[in-house]
2 protein chains.
Amino acid sequence: MTETSERIARRSVDKFAQRRAELAESALQALSELGYARTSLREIAQKSNFSHGVLHYYFTDKVELLTYAVRKFEEVCVTRYDEAVAMAQSAEELQRGFGVAMADTLRTDAVMHRLWYDLRNQSLFEAAFRADVLEIDTQRQAMIWRVVERYAELADASPVVTRSVAYAAFDGLFQQALLHHLAGEETRLAEDAGSLLGQLVS
Amino acid sequence: MTETSERIARRSVDKFAQRRAELAESALQALSELGYARTSLREIAQKSNFSHGVLHYYFTDKVELLTYAVRKFEEVCVTRYDEAVAMAQSAEELQRGFGVAMADTLRTDAVMHRLWYDLRNQSLFEAAFRADVLEIDTQRQAMIWRVVERYAELADASPVVTRSVAYAAFDGLFQQALLHHLAGEETRLAEDAGSLLGQLVS
DNA sequence: GCCAGTTTTGGACAGTCGTCAAGATTTTCT
DNA sequence: AGAAAATCTTGACGACTGTCCAAAACTGGC
């Protein structure tokens, strides 16, 4: 391969990858708006500025597009509380900061969280998503565990539950809050999350 | 209304209601097998012994059928742990019994639980289901709270979280276990649930 | 300005979907 | 028994789906 053709090929690859990312972004937009059950390829294409045919130029089929989109989604949702962890100088401050951060993302990113739960649920029926979902879940678990460990450290105590139990509890809390938030109710997520954090170390 | 026509009307209503229940049962079977996204009316009809046209004789449209099915579903899933509560003579026994009951229903009724989470998630996108879902969730919350209160009583202590937080935590725990169970992994749900119960009173 | 390769379009395809209505069948009453 | 009402089947409809493909549009090198 000559120097020139190499440069061309690389540019080609870059453009190809960029288009994939672009289309995956549109897919996420459609999915978060309509839900998995009602999202079609034509709907996704309309969110982008391309026609529906182009999707099969960049992806072999719908499953590959959605899988790719899920992986892309992962990037934005597994470091959400790290700032609160880094900032906090005391246990009480982390408790408060963590709760506030959770309540913030509930309000700001509600449709994205809704999408995540929808995709995780799809993986209960469609094995194709299962591996990616489990991996994202593992990373989310790690994200929560960083909070719990730091909190324990600041409070001079140790966690009284495993990391998987801690993650499950906060995830359940968030999901409940999301359900009620989207139904138009007020939630007490910030307070509930903070107080639950307090219960998980001793 | 004469005595005769009253008898006729009642029998008619009974039969009508019975068919609706019958068809809703088939709907639940299809839903739990395929998931909301892939369940069609023809699929539901095939699970019953009728043709697809009959569904619009007993239900005005798909949404009414599914809503009816969800309500029917509620009946079987909100008293699941009451026996463990009634049996337990001590805190430790309840802790164990509750964990075992959870792990049992995880194994036995996995597809039904999967369906529940799927429908609850649909309500995040489709407002038509929201009211029913919230009501079922309230009843599930009450079911969990009966366990926590009884456990606190037996342990001569009091709950350290609200009923909504307690429900959210156990629900999250169960959902995680379901995800891993359907992925073919072993879970430690019985132990985790028992130990979490211990953490929620003091 | 032309040409080869890449990228994009838009229509066609074979299915499936929810819905509906006309007719066949069964049940019920007199 | 036959008439009337309830119940069920069947086929059709328009809309929508994922997928594919031939042709058009665009790209950069000569």
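Helices and strands here are DSSP runs, helices of at least four residues and strands of at least two, numbered from the N terminus. The model is predicted.

**Figure 1. Chain A is built from helices.** Chain A has ten helices and zero strands. Read along the sequence, the pattern is α-α-α-α-α-α-α-α-α-α. The C-alpha trace of chain A spans about 60 × 45 × 30 Å along its principal axes. Chain A holds 202 residues, and 39% of them are buried. Take the contacts in chain A between residues at least 6 apart in sequence: 65% of these join residues at least 24 apart.

**Figure 2**

**Figure 3. The contact between the chains, seen from chain B.** Chain B puts 29 residues into the contact, and chain A puts in 30 residues. Helix 9 of chain B supplies the largest share, eleven residues. By class, this side of chain B has 17 nonpolar, seven polar and five charged residues.

**Figure 4. Leu173 in the largest nonpolar core.** The largest nonpolar core has 67 residues. Leu173(A) and Leu173(B) have the most contacts inside this core. What does Leu173(A) touch, leaving aside its neighbours within four places in sequence? In chain A, the partners are Asp192(A), Ala193(A) and Leu196(A). In chain B, they are Val165(B), Ala168(B), Ala169(B) and Gly172(B).

**Figure 5. Helix 9 of chain B and the residue that follows.** Helix 9 of chain B is mostly covered, with 17 of its 20 residues buried. How far apart are its end C-alpha atoms? They are 28 Å apart. At 1.5 Å a residue, the 20 residues of helix 9 of chain B should span 28 Å, so the two values agree. Just after helix 9 of chain B comes Gly184(B), with a positive phi of about 90 degrees.

**Figure 6. The protein surface near DNA strand C.** There are 21 residues around DNA strand C. Those that come nearest are Phe50(A), Gly53(A), Ser40(B), Gly53(B) and Asp61(B). Helix 1 (3-34) of chain A gives two or more residues to this surface, as do helix 1 (3-34) and helix 2 (41-47) of chain B. Helix 1 of chain A contributes the largest share, four residues. The surface near DNA strand C divides into six nonpolar, nine polar and six charged residues.

**Figure 7. The protein surface near DNA strand D.** Around DNA strand D there are 19 residues. Ser40(A), Asp61(A), Phe50(B), Ser51(B) and Gly53(B) come nearest. The elements that give two or more residues here are helix 2 (41-47) of chain A and helix 1 of chain B. The largest share, four residues, comes from helix 1 of chain B. Near DNA strand D, the surface has five nonpolar, eight polar and six charged residues.

**Figure 8. Lys47(B) in helix 2.** Lys47(B) sits in helix 2 of chain B. Within 10 Å there are 17 other C-beta atoms, so Lys47(B) is partly exposed. Leaving aside neighbours within four places in sequence, Lys47(B) is in contact with Ser26(B), Gln29(B) and Ala30(B). Lys47(B) and Leu28(B) are 19 residues apart in sequence. In space, C-alpha to C-alpha, Lys47(B) and Leu28(B) are 9.7 Å apart.

**Figure 9. Tyr57(B) in helix 3.** Tyr57(B) lies in helix 3 (residues 55-58) of chain B. Is Tyr57(B) buried or exposed? With 10 other C-beta atoms within 10 Å, Tyr57(B) is exposed. A residue counts as exposed with 12 or fewer such atoms. Along the chain, Tyr57(B) and Val160(B) are 103 residues apart. A separation of 51 Å lies between the C-alpha atoms of Tyr57(B) and Val160(B).

Note on methods
Residues numbered from 1 in each chain as written. Chains lettered and ligands numbered in written order. Predicted model: local features only at pLDDT ≥ 70, side-chain atom pairs only at ≥ 80, totals over all residues. Near = placed C-beta within 6 Å. Nonpolar A, V, L, I, M, F, W, Y, C, P; charged D, E, K, R; others polar. Contact = placed C-beta atoms within 7 Å. Core = buried A, V, L, I, M, F, W, Y, C linked by C-beta atoms within 7 Å. Expected span 1.5 Å × (residues − 1).
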